[in-house]
Amino acid sequence: MKFNTKTIHGGQQHDPAYGSVVPPIYQTSTYAQSTPGGHKGYEYSRTHNPTRNALESALASIENGNYGLAFGSGLSAIDAVLKLLKPGDEVVSTNDLYGGTYRLFTKIYEDFGIKFHFIGMENSNKIEAYITPDTKLIWVETPTNPMMNIIDIVAISKIAKKHNVLLAVDNTFATPYLQRPLDLGADIVMHSATKYLGGHSDVVMGALIVENKDLAERLYFIQNASGAICGPQDSFLVLRGIKTLHIRMQRHCENGRVVAEYLSNHPKIENVYWPGFKNHPNHHIAVSQMDDFGGMVSFTTKGNNYDKAIKIVENLKIFTLAESLGGVESLAGHPASMTHASIPKEEREKTGVVDSLIRLSVGIEDIDDLIADLKQAII
Ligand SMILES: *Cc1c(COP(=O)(O)O)cnc(C)c1O
C-alpha cells in the first residue's frame with residue numbers, strides 16, 4: 001500500500017459490531033465480562049480501548065512500523081521512552097531540542113540519575129566521542145526546532161547499532177509524509193501528534209512507533225503501568241487528522257517553499273532557516289532522507305532586535321501568534337520568549353535561538369494572503 005492510501009486505510013478495519021466505516025468513539029472505561037476473565041479482548045481502558053487501538057494501528061502503518069502507542073501528550077510519549085532507562089544510564093541528545101524535551105531531560109530525569117550529553121549532531125562523526133558503556137539511548141530531532149538543522153539518521157543509526165544503543169527520532173516536524181526514520185535505521189519514532197498528525201490545533205497527543213516486538217512490549221508495559229494514555233475522543237480526532245495528512249503536508253510544503261523564498265529576498269531579513277535551500281549546510285542530507293522540506297521556516301531580522309521581533313509577531317494578522325505548529329492555520333512564534341524561554345539565554349544563543357528569531361508554521365491558507373500578511377508585518 002502506498003503512503004497516500006495508508007493514511008486513509010492503513011491498519012484500519014470496519015467496526016466489527018455494526019460495520020461502521022469510521023471507528024466509533026468507545027467512550028467507556030470498562031467492559032462487561034460474562035465470567036471473571038470472560039471478555040472480548042478489552043478489560044479496562046487504560047490498558048486497551050478500541051478507538052485508541054484503531055489509532056495505534058494507523059500510526060504503525062504510516063511510519064512503516066509494527067507497533068504504535070498513543071499517549072496523552074508528546075512529552076508523555078518521550079517520558080515513556082526515558083522509563084526504559086535506569087540510574088547511571090547515559091543519553092546522547094541533539095542540543096537544538098524542543099524546549100519541553102530539554103526540560104524533561106534536565107529537570108526531571110537528571111534527578112533520577114540519568115546523564116545527558118547535549119551535542120550538535122549536524123556532523124555525525126562527533127557523536128562517538130560521547131558514547132560510553134553506559135550510553136543506552138541517542139535522542140535525535142530532525143529537522144530541529146527551531147533552527148531547522150538536519151541530522152543524518154542513517155549515519156547515526158550505524159553508530160547506534162555498532163554500540164548497541166537505542167536510537168529514537170522525534171519525527172514531529174517532518175511527519176512520515178516526508179521522512180520515515182524506522183526505514184532509515186531508527187528503533188523508535190516519536191511524535192507530538194498535537195502538531196501535523198492531528199493537524200487542526202484541537203488536541204494534545206503523543207505517539208511512539210517501533211518495529212521490534214520486545215521493545216514494543218516494554219513500552220506497552222510502561223504505557224499501562226504509568227498510565228499516560230490519551231482518551232477515545234482525542235484518538236478519534238487524530239485518526240481523522242491522519243486521513244488528510246498527505247494532502248495537508250503537500251500544501252504545507254508548497255506554501256513553506258514560497259514563504260522561505262520570499263523571506264530570503266526581503267531586505268530586512270538577515271537569515272532564513274529552511275532545509276530546502278541549496279546553501280543550507282545539510283541540504284544534501286535533507287534531500288537524501290526527506291521527500292520535501294516541510295512547512296516550518298525560521299528567520300532573523302537585521303540588527304537582531306528583540307523589540308522589533310516582538311512587534312513583527314504582533315503585527316501579523318493571518319499568522320496567529322501562538323505556541324505550537326502543524327495545524328491547518330498559520331502560526332508564528334518567538335522562541336526566545338515562548339517555546340525556548342525555559343532554556344538559559346547563553347545555552348539557547350549557542351544554538352542560534354537569538355533575540356530576533358521568529359519561527360513560522362506555514363499553514364494551508366491561500367499563499368497570496370500569507371505573503372501579504374508577512375509583507376505588512378515585517379517593519
Ligand atoms: C510540541 C513538541 C513536543 C512536545 O509535544 P506535546 O504534545 O506538546 O507534549 C515534542 N517535540 C517537538 C518537536 C514538538 O514540536
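Student: How far is the polar side-chain atom of serine 192 from an oxygen atom of the ligand?
Tutor: The distance is 2.8 Å. Keep in mind that this is a predicted model.
Student: And what does the side chain of aspartate 170 sit across from?
Tutor: A nitrogen atom of the ligand. An N or O atom in the aspartate 170 side chain is 2.7 Å from that nitrogen.
Student: What about leucine 75, which part of that residue is involved?
Tutor: The backbone. A polar backbone atom of leucine 75 is 2.9 Å from a ligand oxygen.
Student: How much of the ligand does the protein bury?
Tutor: 93% of the 380 Å² that the ligand exposes when taken alone.
Student: Which residues surround the ligand?
Tutor: Among them are Ser73, Gly74, Tyr98, Glu141, Thr172, Thr194, Lys195, Met205 and Leu325.
Student: How does that shell divide by residue type?
Tutor: Four nonpolar, five polar and three charged.
Student: New topic. Where does leucine 370 lie?
Tutor: In helix α13, which covers residues 367-377.
Student: Is leucine 370 buried or exposed?
Tutor: Buried.
Student: Why does leucine 370 count that way?
Tutor: Because its relative accessibility is 0%, and the cut-off for buried is under 20%.
Student: What does leucine 370 touch, leaving out residues up to four places away in sequence?
Tutor: Asn255, Ile318, Phe319, Ser330, Val362, Gly363 and Glu365.

Note on methods: Residues numbered from 1 in each chain as written. Predicted model: local features only at pLDDT ≥ 70, side-chain atom pairs only at ≥ 80, totals over all residues. Heavy atoms only, no water. Helix = DSSP H or I, 4+ residues; strand = E, 2+ residues; numbered from the N terminus. Buried < 20%, exposed > 50% of the residue type's maximum accessible area, 1.4 Å probe, protein only. Contact = heavy atoms within 4.5 Å. Near = heavy atom within 4 Å. Polar contact = N/O pair within 3.5 Å; in protein donor to acceptor, adjacent residues only side chain to side chain. Areas by Shrake-Rupley, 256 points an atom, 1.4 Å probe, with all protein chains shown as cover. Nonpolar A, V, L, I, M, F, W, Y, C, P; charged D, E, K, R; others polar.
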